Amino acid sequence: MDFVEIAGTVAESVVDGPGIRFVIFTQGCPHRCKGCHNPHTWMPGGGRMVNIDDLFRQVAANPLLKGVTLSGGEPFEQAVPLARLARQVRLMGKDVISYTGYTWEYLLEHPDDHRRFGELLEVTDYLVDGPFVEELKDLKLPFRGSANQRIIDVQMSKGLAVPVTAYWG
Ligand code: SF4
């Protein structure tokens with residue numbers, strides 16, 4: 001039985017990626033971005049532990065969902081249990097978006113980090129990457145906070161030096 005520490009969930013969101021999405025705000029983030037909107041998610045131990053199977057049951061119970069969004073906090077700090085959830089979600093035909101303060105390049109270069117970044121990257125459809133940079137904040141950007149962040153089609157980018165980016169209008 002796998003557990004993940006979360007700050008909360010939103011059962012139906014239309015602001016965390018395309019379509020109606022189940023959003024999991026993970027607890028614990030090492031990035032400490034200036035101007036972060038969710039500083040209460042920074043401290044590991046400040047959230048609550050939930051069973052991955054319980055989260056999956058909530059997702060499976062809603063046929064309207066296009067997919068699941070993993071947000072923060074920093075989902076990749078808990079890559080192993082979230083990868084297990086993501087695998088189950090994708091087997092249902094739904095997609096997985098992971099927000100991260102790490103860059104795509106950093107995650108690719110450290111797949112076997114003790115947090116096992118590679119496991120979650122493997123089952124992520126879209127990655128919204130990079131820290132929030134207050135100086136590059138742009139309210140006009142859909143689904144992103146600052147202009148340095150990219151929406152990367154992870155599966156299409158496999159084996160490429162430069163990632164394939166997606167546009168969600
Ligand atoms: S990565 Fe996200 S949650 Fe973490 S400090 Fe930056 S903006 Fe906040």
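Two strands pair if DSSP finds at least two bridges between them. The views below come from a predicted model.

**View 1. Strands β4 and β5 pair side by side in the parallel sense.** Strand β4 covers residues 67-71, and strand β5 covers residues 95-99. Four bridges link the two strands. Find Leu70, then look in β5 for its bridge partner, Ser98.

**View 2. Seven strands make an open sheet.** Read across the sheet in the order β3-β1-β2-β4-β5-β6-β7. The pairing is mixed. Which strands are at the edges? They are β3 (48-51) and β7 (150-153), and each pairs on one side only. From one strand to the next, the twist averages 30 degrees.

**View 3. Helices α1 and α2 pack against each other.** Helix α2 holds residues 79-91. Two packed helices are described by the angle between their axes and the distance between the axes. Here the angle is about 30 degrees, and the axes are 10 Å apart. Angles under 35 degrees count as roughly parallel, so α1 and α2 are roughly parallel to each other. Their crossing is right-handed.

**View 4. Side by side, α1 and α2 each supply residues to their contact.** From α1 come Ile52, Leu55, Phe56 and Val59. They meet Pro81, Arg84, Leu85, Gln88 and Val89 in α2. What classes of residue make up this contact? Seven are nonpolar, one is polar and one is charged.

**View 5. A shell of 13 residues surrounds the ligand.** The closest are Cys29, Cys33, Cys36, Gly101 and Phe132. By class, the shell has five nonpolar residues, six polar ones and two charged ones.

**View 6. The loop between β4 and α2 holds Gly73.** Look at the peptide bond from Gly72 to Gly73. Is this bond cis or trans? The bond is cis, with omega near -10 degrees.

**View 7. Arg32 sits in the loop between β2 and β3.** Check its backbone angle phi. Arg32 is not a glycine, yet its phi is positive, at about 55 degrees.

Technical notes
Residues numbered from 1 in each chain as written. Predicted model: local features only at pLDDT ≥ 70, side-chain atom pairs only at ≥ 80, totals over all residues. Near = placed C-beta within 6 Å. Nonpolar A, V, L, I, M, F, W, Y, C, P; charged D, E, K, R; others polar. Axes fitted to C-alpha atoms, helices over the stretch in contact; angles between N-to-C directions. Parallel < 35°, antiparallel > 145°, perpendicular 65-115°, else oblique. Left-handed = near helix turned anticlockwise from the far one by under 90°. Contact = placed C-beta atoms within 7 Å.
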